[in-house]
Each structure stands twice: as C-alpha cells, then as structure tokens.
Amino acid sequence: MRLKTTIRIILFAFLLYGCSRSELNDSEQNITVNNKKQTGSSAHDLLSDDTFTSMVIEVVYVEGYAPTQTAINNFVNFIKARTYKPNGVSVQTRSIVSPDKLQYSIEDIRDIEDANRTAYNTASQIAVWAFFTDGESDQNTDTSSIIGTAYRNTSFVIFENTVHDFSNNNFEPPRDLLETTVIEHEFCHILGLTNFGSPMQSSHEDLDHEKHCNVDTCLMYWASEFGSGIGNMLGSNSIPQLDSQCLADLQANGGK
Ligand SMILES: [Zn+2]
Ligand SMILES: [Zn+2]
C-alpha cells in the first residue's frame with residue numbers, strides 16, 4: 001500500500017495536467033463522498049427541493065430476498081407525500097448474489113454498498129441506497145431482532161431474512177405491511193427523525209431509545225424496527241403513521 005501511495009504522489013507531482021490513474025480515483029471519490037456521511041446529515045436535501053429536485057432509490061436485494069412490489073409502491077407514495085421532488089421519484093431495482101454470511105455487521109453492510117452501489121448524487125438528483133439482505137444483524141439477541149438500520153446519510157439496510165421470520169405466519173402481520181413499516185421507519189431516520197438531523201419542534205424524543213419518538217403509535221416509535229415489538233404495532237393491520245410532532249419536524253426542515 002505504501003508503494004502505491006508513493007507512486008500516486010509521484011504521478012500527481014509530474015502529471016498535474018495529465019489523466020493519471022490517481023486522478024481518476026480522486027474523481028471517483030468525489031462522486032461518492034457526498035453519499036458517505038452521517039445518518040441524518042442530508043435530511044434537508046432529501047426533504048426540500050432547494051438543491052435536489054428529483055430522487056432516485058437504488059433498491060438492491062440478495063437473490064431470493066426481494067421486497068414486495070406493494071411495499072416499494074407504498075414507499076414511493078410515502079416519499080412523494082413527505083418530500084418536495086417536483087422532477088420525480090424513481091426506483092432502480094436489481095439483485096446480487098448472496099455474500100454468503102449468516103450474520104452481518106454494519107461494517108459488512110457498508111462494504112457491500114461500496115462494492116455494489118451505482119447511484120450517487122448528481123447536481124440536481126439525490127440518490128438513496130436501499131439494501132435487502134439475507135442473514136441477520138449481528139446485533140440480534142435471544143429476545144430482540146433488528147429488522148432494519150439506517151447507517152449513512154442516504155443508506156439503509158433491511159434484514160429481509162428477519163422480515164420473513166416475523167411475517168406471513170399465524171398471528172403475524174402480512175409481509176408487505178411489515179416491510180412497508182420498516183422501510184418507512186428507516187427512511188425517516190435519514191430524513192432526520194427523531195432529533196437526528198431535523199431539529200425537534202417540540203420535545204418528543206424517547207430518552208430510553210434515542211433518535212426515536214416517544215409516542216407509542218408513531219412510525220418512529222422504537223419498536224417498529226424490532227421483530228419483537230412490531231407485531232404489537234401492526235395489530236390493527238395498518239401501517240403506523242407519523243404523529244403530528246414528527247410531521248412538524250419534517251415540515252420545519254423543508255418537507256411536507
Ligand atoms: Zn429506528
Ligand atoms: Zn413521532
């Protein structure tokens with residue numbers, strides 16, 4: 001690695017105006033750097049049309065773990081209802097082969113994104129990466145299973161294998177309902193909820209579960225990303241909505 005760095009420095013010094021390999025790498029980094037920031041830091045850019053007038057969602061799933069089309073349609077409708085993107089919201093969907101792990105850390109998930117993501121922000125379009133994986137979160141315990149995580153400013157993962165474990169069986173919610181709930185919950189984290197980049201207009205963060213809303217029927221209640229808690233929230237077979245306080249936070253940060 002050190003030799004490579006030395007060569008790069010030499011190239012940079014002597015080929016200032018040439019198209020050296022190192023410059024190509026630099027420009028690749030410039031394209032991706034704006035999509036590798038902290039969760040919540042692009043909330044205003046996602047919500048408003050100040051900079052970005054359209055949004056593309058890159059949906060990538062491990063073969064056999066595609067989200068339902070109903071959940072994707074619900075997600076797009078949710079984005080249109082909450083954000084200003086006058087030039088449209090589009091979805092690109094494709095599969096990848098399994099990375100073949102039973103458990104994934106967030107570092108694993110970041111590496112998979114870096115190796116497979118193709119959609120990055122352009123001058124007027126903001127890009128979001130939504131990854132649906134096999135296996136489960138390495139943070140799961142005997143009593144709690146994580147279904148989704150928002151881990152960068154425009155990236156979230158859904159542990160679709162865990163979705164399968166907690167849907168479509170006796171006394172469990174329908175799969176599309178559970179998927180829609182977790183997808184919208186994770187997306188709202190990158191929209192800055194709760195107290196996660198969209199400043200709170202009233203005090204409603206759950207201090208026992210940071211970055212979540214303390215209203216137990218709200219989409220941003222902590223239980224809606226955990227297998228153990230989501231069944232209770234979906235008892236009425238309808239998608240949890242944002243409460244008025246979360247909506248006010250989004251509206252104050254440029255959203256609808
Ligand atoms: Zn959450
Ligand atoms: Zn709320």
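A charge sits over a ring if NZ of Lys or CZ of Arg is within 6 Å of the ring centre and within 35 degrees of the ring normal. Here, the charged end of Lys256 sits over the ring of Tyr84, 5.1 Å from its centre.

Hello everyone, a quick word on what we have. This is a predicted model, where local features need pLDDT of at least 70 and side-chain atom pairs count only at pLDDT 80 or more, while totals for chains, interfaces and linings use all residues. Residues are numbered from 1 along each chain as its sequence is written, chains are lettered from A and ligands numbered from 1 in the order in which they are written, and side-chain values use heavy atoms, with hydrogens and water left out.

Lys256 also turns up among the residues that Thr83 touches, along with Leu46, Leu47, Met55 and Leu191, not counting residues up to four places away in sequence; contact means heavy atoms within 4.5 Å. Where is Thr83? In the loop between helix H4 (69-82) and strand E2 (89-96). Helices (H or I, at least four residues) and strands (E, at least two) are DSSP runs, numbered from the N terminus. Thr83 has a relative accessible area of 2%, so it is buried: that means under 20%, with exposed over 50% and partly exposed in between (1.4 Å probe, protein chains only).

Now to the metals. Which residues hold the zinc ion (ligand 2)? Cys213 (SG), Cys218 (SG), Asp243 (OD) and Cys246 (SG) coordinate it at 2.0 to 2.3 Å. Donors are N, O and S atoms within 2.8 Å of the metal (3.2 Å for Na, K and Ca); water is not among the atoms, so sites may look incomplete. The arrangement is tetrahedral because the four donor atoms around this zinc ion subtend angles of 100 to 116°; four donors qualify if all angles lie between 85 and 135 degrees. Asp243 and Cys246 are both buried.

His212 and Glu225 are 13 residues apart, each in the loop between helix H7 (175-190) and helix H8 (227-233). Both His212 and Glu225 are buried.

Finally, the rings. The whole structure has five aromatic pairs, meaning rings of Phe, Tyr and Trp (its six-membered ring) with centres within 6.5 Å; planes under 30 degrees apart count as stacked, over 60 as edge-to-face and the rest as tilted. Tyr221 and Trp222 make a tilted one, 6.0 Å centre to centre with 50° between the planes. Phe75, Phe156 and Phe187 form one aromatic cluster.

How values were computed: Tetrahedral: all angles 85-135°; square planar, octahedral: opposite > 155°, others 65-115°.
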